[in-house]
Amino acid sequence: MAEAFTVNLKVDNMVDFVKKWKSDSPNFRERIRDSIRPQGPLRPRLEQATRAIQVQIARLDSTVSRLKERDASLFSKVVAAVQRHDTQMASALSNELAEVRKMVKMVSGAKVALEQITLRLGTVQELGDIVVTLAPAMGIIRSVRSGLAGVMPEAEHEMGEISSLLGSILVDAGQLGGLTLNFGAANE
């Protein structure tokens, strides 16, 4: 009897092990494919992140204003306690006031950090606009360069330098912004 119980327990443990082994989580190949595959257009995701951050900034701003009101209230109570020569109450209120001021400083710092992130996301969006603008210009410069090659050889060299300069800007912008350059769509 004990032997049958042990066998059933082992079988149950094995079934649990198999269920855990074959979970619904993505396997290694799917995780790699998802990390390599582009998530879609970058601009809408950047705009969504910017909106979410701006909502948080507004919340932090209202929190700062409430804390500042509490600061003013506590400060007036501390002043009143000092004027009444109630040192214990003044000490307790001043400790609370110090904590409120620490919280104001911390929340204000978080708000400034989120504002900086919003500015940087705006910069990334503008950098994307630069890429979209410069990509067609590259095609135009190449065609002008080939047209001027027979007429003005010295201009052809200058246009080559301009082309390489713009190309390096596009490559740098693509690397910095995580953007993929689609020259065909930009040229249209």
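A: The side chains of Asp 71 and Arg 101 meet in a salt bridge, with N to O at 2.7 Å; the term stands for a side-chain nitrogen of Lys or Arg within 4 Å of a carboxyl oxygen of Asp or Glu. Asp 71 lies in helix H3 and Arg 101 in helix H4, so this pair ties together parts that are 30 residues apart in sequence. Helices here are DSSP runs (H or I, at least four residues), numbered from the N terminus.

Q: Before we go on, what kind of model is this, and how are things counted?

A: This is a predicted model, in which local features need pLDDT of at least 70 and side-chain atom pairs count only at pLDDT 80 or more, while totals for chains, interfaces and linings use all residues. Residues are numbered from 1 along each chain as its sequence is written, and side-chain values use heavy atoms, with hydrogens and water left out.

Q: OK, is Asp 71 buried or exposed?

A: Asp 71 is buried, with a relative accessible area of 15%, whereas Arg 101 is partly exposed at 42%. Buried means under 20% relative accessible area, exposed means over 50%, and partly exposed is in between, using a 1.4 Å probe and protein chains only.

Q: How many salt bridges does a search of the whole structure find?

A: The search finds four. Among them is the one between Asp 61 and Lys 111, whose closest N and O atoms are 3.0 Å apart. That pair also links distant parts of the chain, since Asp 61 is in helix H3 and Lys 111 is in helix H4, 50 residues apart. Asp 61 is partly exposed, with a relative accessible area of 39%.

Q: And which residue does Glu 99 form a salt bridge with?

A: Glu 99 pairs with Lys 102, the closest N and O atoms being 3.4 Å apart. The two are three residues apart in helix H4, so about one helical turn separates them. Glu 99 is partly exposed at 41%, while Lys 102 is exposed at 54%.

Q: Switching to the backbone, which residue other than glycine has a positive phi?

A: His 85 has a phi near 65°, and most residues other than glycine have a negative phi. His 85 is found in the loop between helix H3 (42-83) and helix H4 (87-148), and it is exposed, with a relative accessible area of 68%.

Q: Last one: where is Gly 109 found?

A: Gly 109 is in helix H4 and counts as partly exposed, at 39% relative accessibility. Its C-alpha atom is separated by 9.9 Å from that of Leu 60, a residue 49 positions away along the chain.
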